[in-house]
Amino acid sequence: MQTRKKYIFLTFLASWLLLFFFGGDQLRRFAFFSRRKVEARRNWPHWTDRSLLKSFADPEELLSDGDPSLPSPRERQAARLSVYKNSRCRMETCFDFSRCEKHGFKVFSYPRERDQPLSESYSKILASIERSRYYTPNPEEACLFILSIDTLDRDHLSGQYVRNVDEKIRSFPLWNGGRNHLIFNLYSGTWPNYTEDLGFDIGQAILAKASFYTESFRPGFDISIPLFSKDHPQRGGEKGWLYQDSIPPKKKYLLVFKGKRYLTGIGSGTRNALHHIHNGKDIISLTTCKHGKDWEKHKDTRCDKDNVDYEKFDYQELLHNSTFCIAACIPVLLSDGWELPFAEAIDWGKAAVVGNERLLLQIPSAVRCIHPERVLAFQQQTQFLWDAYFSSVDKIVHTTLEIIKDRLLPHRSRSRFLWNTLPGGLLALPDFSTHPGDFPFYYLQHGSSPSEKFTAFIRAISPGESPSQPLLRLIQAVSRSQYCAQIVVLWSCGKPPPPSGKWPQSTVPVAIIQGREKLSDRFFPYAAIQTDAVLSLDEHTSLSTSEVDFAFVVWRSFPERIVGFPTRSHFWDPEQRRWGYTSKWTNELSIVLTAAAFYHRYYHNLFTEYLPAGLRELVDGLAACEDILMNVLVAAVTKLPPIKVTQRKQHKETVSQQVKGMAGAAGGWRFSQRQDCLNQLADWFGLSLRLDPVLFKDQVSVLRKKYPRLEK
C-alpha cells in the first residue's frame, strides 16, 4: 500500500517538473502579453506610426459615446412620445371611415384667419387643396380636414414659427382630437438636434412630413413627403433633363454633391466625411460650413478651404452634367433611419442607389460598376418620378391625397405598377379600372389591343324640328363604316331633340342624349359609350366612309394618342410674350381638333374626373376651348403629339347662330378666344403640347392603295 502511494507521489512530482521545464516559458509569455493587453486597453489607440497615418478622428472622439450635441436614444424616445401620443395609430383605429361614405373622398380646408400669417409654401399647399377635384367648401361633406394654421416650420427660432398651436386647434369644433385631419410639416425641432418635436400634440391626425424619422413614422397612416423650398412652382414645374439623344447615359461628372456641412448635430457625421470621396475630376463633393448664425464658433481647419471650393461650382451646372448625385440626377441616398418620400407608392429601388451611411467610402466604386443600360433605366425612371410626383406643389399635395384615398378603398386602389409606370398613379384613375390592360397607354406593355369597333359621338347644336341635313349625311357616312358599333348624338340645343321618327334608318343603333348646352358635356363619360374608341364629331363635319375607316385603323396602332383630321399648331410670340395659336398649314402640328378625331374613351373620365372644376368652367366660359384642353390633357399623359390623317376636304370650324350675326367679326372673335384659352392652359399645366412634323403624300399609285378614294 505504501509502495503504491510512493509511485503516485513520484508520478505527480515528475509531471510538475516536466511542465516547468517545457511549458514555463509559455506561461511567462502568456502573463506578459496579458499585462500588455490590459495596458493597451487602457491606452488604446496607440499607433507607433501615428505621425504617418492620416487622422480621420481623434482617439477621444472614438472613445466618446457619439456627438454630445445629439440627444441620446432615451431623449429621442421621450421627445417622440411627447408628440406622437397616439403612436399606434392606424387607419382602422384613428380614422373615421363613415365620414367618407355619403359624399366620397372630399377635403375641407379651414377658413383662413385674417391676423394669421401664412408662409409662401403653406399658401401654395392650401391653394393646391382648393384647386383639387376633392375640395369642398362644406365641412359637412368632408372626409378629410386641413388646418389653416401654418405648421410647416416648427423650429421655434424661425420667424415663421406659429405659437400656441395647441390652444388654437383645441378651440376648433371639428378638431375631434385630430381625427380625419391631415397636418403638413417640413421642418421640426431646432439645429443641431432637429428632434421630432412639433410643439403641439397632433393627436390622431395624419402627419405628412418631410425628413420623416422611421422611429416616429406610423406605417400605413403617416406619409413621408419631399422637402421643397418656397420657390418650388405651384403647378407645371421644370421638366427633366433627359432627352431622347442623351446617349451615352454617362455625363461629365460621375457623382456630385453640393450642400451645407453640419459641423455638429444630426447629419454632421456623414457630411463631415464627404470630402474623402472628392477627387476634383469626375467626383465632386462640395460642402460649406456656413450654416446657422454661429457657425464660426464650431469652425474647423477645413472650413476656409471648403467655403472657397464651394463657390467655384454652380449647383445647376453640376446637376445638369452629372450621372449620379446625392441630391438630384440619379439619386444616391445615404440616409439611415429616414423614410423616403411616398415610399408607400414609389419603388425607389428602380430609380435610386440606396446605401448605408457607413458605406460612404464605397459609393464611388459601387456607382462605377453600374452597367450603362441600368444607368439609362435609372435616369428614365428618375425623370418620370420627378415629373409625375415632385415637380410642383400641386403634384406633391395631390399625390398625398391620392395615397390617403387609396387606403379608404383597398379593393379599388392603384397597384405598385400603376404608381411606378408612365404616366403614373395620378393619371391612372382607379374609378375607371384597376387593371392596367384597360388603360390606353399600357396596351403595348401587356400585349393587348383595343376593341375592333368604335362609337361615333356627334355633338349637334342646330335647333330644329328635324335633324339638319349635314347631320343626316354624317350619320349615313359613319354608319356605313365596317368598324362602327353605334352612334350617339349629344343634343346640345335649348329645344328638345326631334322624335325618333325624324331620325334616319341606320345599320347601327343611334342613341340621342340630351345635353346641358355646355361645351364640357362632349367629354363626359357617358354610360352609352361601350367601345374603347370614340370618334368625336361636330354635326357640320364632312367625312367619307373611307376616311373614317382609314383613321380608325391608324388609331388602333396608336390608341393612347389623338388621331384626327383638322389640325392646328401653337408657337411662342416673343413680342407679345405669350403663346400664339394658328390655323396656317405648316410642316408642324400640335393640336387635332375634336370636331373629327379618334381617341380612347378613358380620356372622357380624365377630362371630367381628373381636371379641376375651374378648368371645365374655363372651357364653358370661353366657348372655343374644349378641344385645346383635351389635346393638352392627352399630351400631358402621353408626352406625345397627336397624329394627323389625310382628309379630302378642308375643315371649317362650326360657328353658332349667335356668333354668325356678328358677320366678319365672328372668325376673329373665335380665334381670339382660342388664343386666350391656350395661354390660360399654359398657366395651369405648363404647356405640354408637342409639335410633330406632317407627313406629305407619297408617289405610290392610287390604284395600289387600300383607300384609293382618299386622294380622289
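**A close look at the disulfides**

Modeller: Let's start with a pair that is tucked away: Cys 89 and Cys 94 are both buried. Keep in mind that this is a predicted model. Their sulfurs are 2.0 Å apart, and a disulfide joins the two. Look along that S-S bond and you get -80°, a left-handed link.

Next up is the disulfide between Cys 100 and Cys 143, with an S to S distance of 1.8 Å. This one is right-handed, at 60° about the S-S bond. Cys 100 sits in the loop between helix H4 and strand S1, while Cys 143 sits in the loop between helix H5 and strand S2, so the pair ties together parts 43 residues apart in sequence. Cys 100 counts as buried because its relative accessibility is 13%, and Cys 143 counts as buried at 0%.

Now move on to Cys 625 and Cys 677, joined by a disulfide with 1.8 Å from S to S. The torsion about their S-S bond is about 65°, so this disulfide is right-handed. Here the pair links distant parts of the chain, 52 residues apart: Cys 625 is in the loop between helix H18 and helix H19, and Cys 677 is in helix H21. Cys 625 is buried, with a relative accessible area of 0%, and Cys 677 is buried at 0% relative accessibility too.

And the whole set? The count comes to four disulfides. Number the bonded cysteines in sequence order and the pairing reads 1-2, 3-4, 5-6, 7-8.

Note on methods: Residues numbered from 1 in each chain as written. Predicted model: local features only at pLDDT ≥ 70, side-chain atom pairs only at ≥ 80, totals over all residues. Heavy atoms only, no water. Disulfide = S-S within 2.5 Å. Buried < 20%, exposed > 50% of the residue type's maximum accessible area, 1.4 Å probe, protein only. Helix = DSSP H or I, 4+ residues; strand = E, 2+ residues; numbered from the N terminus.
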